[in-house]
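The sequence and the coordinates come first.

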Amino acid sequence: MSDQDIKQYQISEEPYYESQEDEVALYEAAYEARLPVMIKGPTGCGKSRFIEHMAWKLGKPLITVACNEDMTASDLVGRYLLDANGTRWVDGPLTTAARIGAICYLDEVVEARQDTTVVIHPLTDHRRNLPLDKKGEMIEAHTDFQLVISYNPGYQSLMKDLKQSTKQRFSALEFDYPSASVETSIVMKEAGTSEDIAQKLVKIAVTARNLKGHGLDEGISTRLLVYAANLMNKGIEAKAACRMALVRPITDDTDIRDTLDHAIDSIFA
Amino acid sequence: MTDIDISLTPEQQVYRDQLKCGFKQLDAVFADCMEEAEAVFSEQGIADYLSGASLVCMIGRGFEPVLIYLEEMPQIVQCTDESMIKTISQCVWDFSRTPNGKSILPFLQSIPEAARRLGSTEQLQHYIDVIFDMMKRTTRSIHGHVDTIPSDGLPELLNQTTYLLHELSIEGIKNWIDYGADNYRNHPERQKDYFSLQSADSRAVFQRERHGTLFTDNERKLNLYMHGLWQDHDHFVPYSLGFDELRKPKPYYDSLGIRVPDVYDDHAGISGINRYRATIAHIAAHRRWGEAIWADNFSPFQRISIEVFEDSRIEYLAIQKYPGLRSIFQALHPYPIEGSCDDVHSSCLLHRLAMISYGLLNPEHGYKESKINEFIARFHEIMEQGEAGINDMVQLGISYIAQSKQASDSFPNIIFDNTVVDYRDDNRHLWKFIEEGDEEESFDDKKEFERDEHDVDKLPPRHYPEWDYNSKTYRPDWVSLYETLHYKGDPEKINQILAKHDSLAKRLKKMLELLKPQQMVRIRYQEEGSELDLDVAIRSIIDFKSGHTPDPRINMSHRNDGRDIAVMLLVDLSASLHEVPEGCDQSILELSREAVSLLALTIEQLNDPFAIAGFHSDTRHNVRYLHIKGYSEHWDDEVKSRLSAMEAGYSTRMGAPIRHAAHYLENQPADKKLLLILTDGEPADIDVDDEHLLIEDTRKAVEELSSKNIYTHCISLDKKADDYIGDIFGKNGYTVIDHVEKLPEKLPQLFMSLTK
Ligand SMILES: Nc1ncnc2c1ncn2[C@@H]1O[C@H](COP(=O)(O)OP(=O)(O)OP(=O)(O)O)[C@@H](O)[C@H]1O
Ligand SMILES: [Mg+2]
C-alpha cells in the first residue's frame, strides 16, 4: 500500500480530549504491549473521541469500522469483486489495518453477528495473523497494528452479548460519563460556552442519569450536552434548547419528560 | 328572660301582624330581624319573607326553625336572590311532609354555608335538589306506597355538608351522594357508614370527586423527582387532609416513609404538582443536609426558633442546587405583614419568626424592624461562609429568642395568622429525646410496627375496582382480593396423572417438536448461507453482465427465532367444579387438574415463562387468589403438591383475579403476554343479583388487559357459554370445550396452536 493511502488514515490535528482518569496512560501501556483493548461505556461518553486522540498521540493511522448486524466476515476481511476483466481481490478494513500497522477500531462490535466476530480471534492472540481463506493468503500483522473494540453494555439484550472466548482476548477500559468538573470543561471547550451554562447543563444530565432504570434506558450523554450548548450559541433560549437537545430525544415517557422539564426550570431559573 | 326593648315601629307592627306565628320568643327577635330584612329585601321580598316564616311556623317543629329562617334569610339572599325566600320556606314545608322531620333543622342550618360557598341561586338550587333527591331515594316504606321510615343516611349527610362544600364542587357532591344512594338504598347500616364518610368506598369516591392534584395520579412523577433530582429513594405514604378536623396534619417523614397530603390544590400561582415538589424538595433537603439534635437542652421557644432557622438553612442549600425552587418556596410561604400582630395582648413570637423565615426567602421583604433585619443578615453571613451546619442555626435560634424576647410571648393568645408554612414538614426528625418517659411512647410505636410486620405472612388485601355498567363508572376499591399460597398435598398424585396420560404426553411432545422449526426466520443477503437467494442472485448476474459490480451476498440462511412469550393460567376454582358432567366419570375439578398438569408439562418443555393461579370468591369482600406456580418456580414437586391439593368452592367473581393476574404478567419482560382462563361457567357471585354486572365487569377487565398488550383467552367448559362468552372475550378470544373429558388433551393443544 502506498504512503499516500496510509496517509488518509493519519490524524493530523490533535482531537480534543479531556482525560477522565488515568485512561491515557493505561492505553499507552496496552499499546506498548500490543494488547487488544475493549472500551466499554454508555453512548456519547467519549469512547470514539478517546481512540482518535490516542491514535493521534501515538502517531498511528486509525481505521474505524461501524459494526452492524448485516455485516459479514468479508466486510471486515475483504472479498473478490467481479469486474469486466474477471475477479479482483479487495482488502477489507481489518486486513488493511493489519497490513499497514493501523489501529483498527470496531465500533459497537456486539452489533455484528457472532460468526463475524470470530474472524478477529487469530489477530487478537499470540498469532497476530489473519488468514484470508478465500485468497489463500496468511497476513502477518504489522508490528504497529492494534485492535480496539467498543461496546455499550447498557442497552444490549442478553442475546447480543459477546462470547466469552471473544471477551477474554481483550484488555478492557470502562468508561462512564465524566465527572462533573471534567464534563463541564468538555462542554465549555467543545461548544465554547461559559462555565455557568456548562455547569447547569451537567446538572441536568446528572438528574437524568439518576433516572436510568426508572423508565430511561440511557441518561443524557455528553454529546447531547454539547448539542444543547450549540443550540444556545445559535441564540436559542436556554430552557428551550435543553428541552430540545436533552429531553425530547431520550424519552417519550410523559412523567419522565415532566420531571426533566421541571429540573431544567429549577436549574435555569 | 331579661327585659329587652321589644317595642315595634308602627310599620313593623304591620309586618308582625302578617307573620302568623304565635311563639312568644318571637317578640324578642322580631324587631332585629325586620331591621336587617328591610335593609336587604324589596317590598315583595318582605311579603314573601313573612309568609315564608308563617309556613315554617306551621310545620310544628317548635320555634327554632322559624328563628333560623328569619335570621339567616337576609344573608342567604345576599349570596343569591330573593327567589330563595320562597324556595327555602317551601322546601322546609315539603320536608315536613316526609318522615324526615328530625333533619329539618340541620338542613336549614346548612343553607347559609351552602349559599356562601356556592354563591349563586342556581348552584344553591342544585344543592337543595341534591339533598331532596337523596332523601327521596333513601326514605323507605314498609308496606305499600306511603313512606314511613326516615332516611338513615340523611342525618349523617347533613352532618357532613360543611366539609363536603369545602372539598368538593357541587357536581362532586352530587356524584358522591348518588353513589351512596344507589348502592346502599337498602342497607341502613352501610348507608350510614357511607354518608358519614366512614366506609372505604365512601372515602374513595370522595377522593375521586375531589379537585386538585391527586397524589395517586402523580405518584410516579414524584418518585422520579425524588430519584432524579434528589437521589433519594424512600417511598411516599399519602395522608388525607379531609378527615382530621382539628389540626390539619403536616407532611413528615419517619422510618415508614414520607407522608404527604393526598391532594394539593393549585395555590398562589403554584400548580399542585409543584407544591408536591416543594414539599419533597424541603424534606429531601432535610434528609441530605440535616441531622438530629438533642431536644432536652432547649426551651420550647428556643426549639421553635431553631426549627425556623434550620428550615431556612436547608432551603438555602436546596435553592443553591436548584435556583428555581426559590420562586416556588417564596410563593407558597405566607407573607406576614409587619405590624399586623398586636404584641400588647397576644403572643407574636410565631409571627416574628415567620417574618424572618419569609425575609430569608425573599430579599425584597421590605421589613423595617431592626432585629429581624439583623438576624436575616446574620443568617446570610453564616451561609455565605459555606459549610454552615445545624449548630450554627442553634446558635442563631437561641440568640434570637434571647434578644427579641417580649413579655407577651408567653401569652396564651398566640397569633397563628400567616405563620404556617404548609409545604414544610413538622420537623419531628430534628429532635432526639433523652427522657425516659418518651421511650415508652416510642416503644409502643415499635410494637405496633412489629405486629404489622408479622401480618406480612398473610398478605394484606389488594383492592380492585369493579365496573358498573349501569352508571358507566368504576366502583373504586370495590373488591378485596386476598392472595395466598395454595396449601400443599401429595405431589405423587400429579405424577400418577402424568403417568396415566403417558401416551398423550408423548403425542404432545411430538407436536412440540413440530412447533419448534416453525420458529425460524430467514436472513437474507448472506455471502455464505444454506440456500441460494434467487432474487438476489439474479440481480447480481444482471449487474455482472451489464458490467457493474455485483453484490456477492446471494445466499440466505435461517436463524432460530427465540419464542418470547409469558403465560399465566388462571383456573376457576368455584364450587361448580365438583360436578361430574354427564357421560364422565370424573369431576370437572379432576379433569381441570389433569389438564393443567399436562399444560404445565408442555409449557415447561417449551421454556416459556409460566405461572398458575386459582381463584374463587365469596362476595366482593373476599376474593381468593391462590398462588400455585410463580414465574420463577419450576414444574417441580412443590408446584405439583399445590396442584394436587386444588379444591373447589364458592363463586366465580372474575374481574379482580384477572386484574390481579395481569399485574404479574405485566411485569414479565416477554414480548407477548398471554392470559389463559379456564372456567366452567359465567362470572357470578352471591352478593350480585344482576347477572350482567359481573359479565360486564369481566369484559371491562379484558379490555384493560388488552390495552396493556396482554392477550386474554378463555377456555370455557360451559356448554351455554356461547350466549355470553363472545361479549366478554371477543370473537376470537375463547374456546368452548364441549366434551369436557377431552380437556386434558385439548388444553395443551390449544395452547400450542395459540402460540404457534
Ligand atoms: N473526554 C472527552 N473529551 C472531549 N470531548 C468529549 C469527551 N467525552 C465526550 N466528549 C464529547 O462527546 C461527544 C461524543 O463522544 P463520542 O462520539 O466519543 O462518544 P461515544 O462514547 O463514542 O458514543 P457512541 O457509543 O454513541 O459511539 C464528542 O463528540 C465530544 O464532543
Ligand atoms: Mg462512538
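Does A:Asp196 count as buried, partly exposed or exposed, and at what relative accessibility? A:Asp196 has a relative accessibility of 42%, so A:Asp196 counts as partly exposed; buried means under 20% relative accessible area, exposed over 50%, and partly exposed in between (1.4 Å probe, protein chains only).

The model is predicted: local features need pLDDT of at least 70, side-chain atom pairs count only at pLDDT 80 or more, and totals for chains, interfaces and linings use all residues. Residues are numbered from 1 along each chain as its sequence is written, chains are lettered from A and ligands numbered from 1 in the order in which they are written, and side-chain values use heavy atoms, with hydrogens and water left out.

**Chain B**

Chain B has 28 helices and 18 strands, where helices (H or I, at least four residues) and strands (E, at least two) are DSSP runs numbered from the N terminus. Of the 756 residues in chain B, 50% are buried. In helix H16 (residues 349-361) of chain B, 13 of the 13 residues are buried, so H16(B) is largely enclosed by the rest of the structure.

**Interface of chain B and chain A**

In this interface, 25 residues of chain B are in contact with 26 residues of chain A, contact meaning heavy atoms within 4.5 Å. The two chains bury about 2300 Å² between them, 56% of it on carbon and sulfur atoms; buried area is the accessible area (1.4 Å probe) that two parts lose on being put together, summed over both. B:Arg220, B:Leu224 and B:Glu527 supply 22% of the area that chain B buries against chain A, more than any other three residues.

The rule finds 5 salt bridges across the interface of chain B and chain A, a salt bridge being a side-chain nitrogen of Lys or Arg within 4 Å of a carboxyl oxygen of Asp or Glu. One of them joins B:Glu527 and A:Lys134. On the side of chain B that touches chain A, helix H12 (215-230), helix H13 (272-289) and helix H14 (300-321) of chain B each give two or more residues. H12(B) gives the most, with 7 residues.

**Salt bridges**

Over all chains, the structure holds 58 salt bridges.

| Pair | N to O distance |
|---|---|
| B:Glu527 and A:Lys134 | 3.0 Å |
| A:Asp196 and A:Lys200 | 3.5 Å |
| B:Asp182 and B:Arg137 | 2.6 Å |
| B:Arg424 and B:Glu315 | 2.8 Å |

A:Asp196 and A:Lys200 are 4 residues apart, about one turn of the helix, and both lie in helix H9 (residues 195-210) of chain A.

B:Asp182 and B:Arg137 form a salt bridge. B:Asp182 is in helix H9 (residues 170-183) of chain B and B:Arg137 in helix H7 (residues 121-138) of chain B, so this pair ties together parts that are 45 residues apart in sequence. B:Asp182 counts as partly exposed, at 44% relative accessibility.

The salt bridge of B:Arg424 with B:Glu315 ties together parts that are 109 residues apart in sequence, because B:Arg424 lies in the loop between helix H18 (390-404) and strand E7 (431-432) of chain B and B:Glu315 in helix H14 of chain B. B:Arg424 is buried at 3% relative accessibility, and B:Glu315 is buried with a relative accessible area of 1%. Elsewhere, salt bridges that share partners join B:Asp133, B:Arg137, B:Lys174, B:Asp178 and B:Asp182 into one network.
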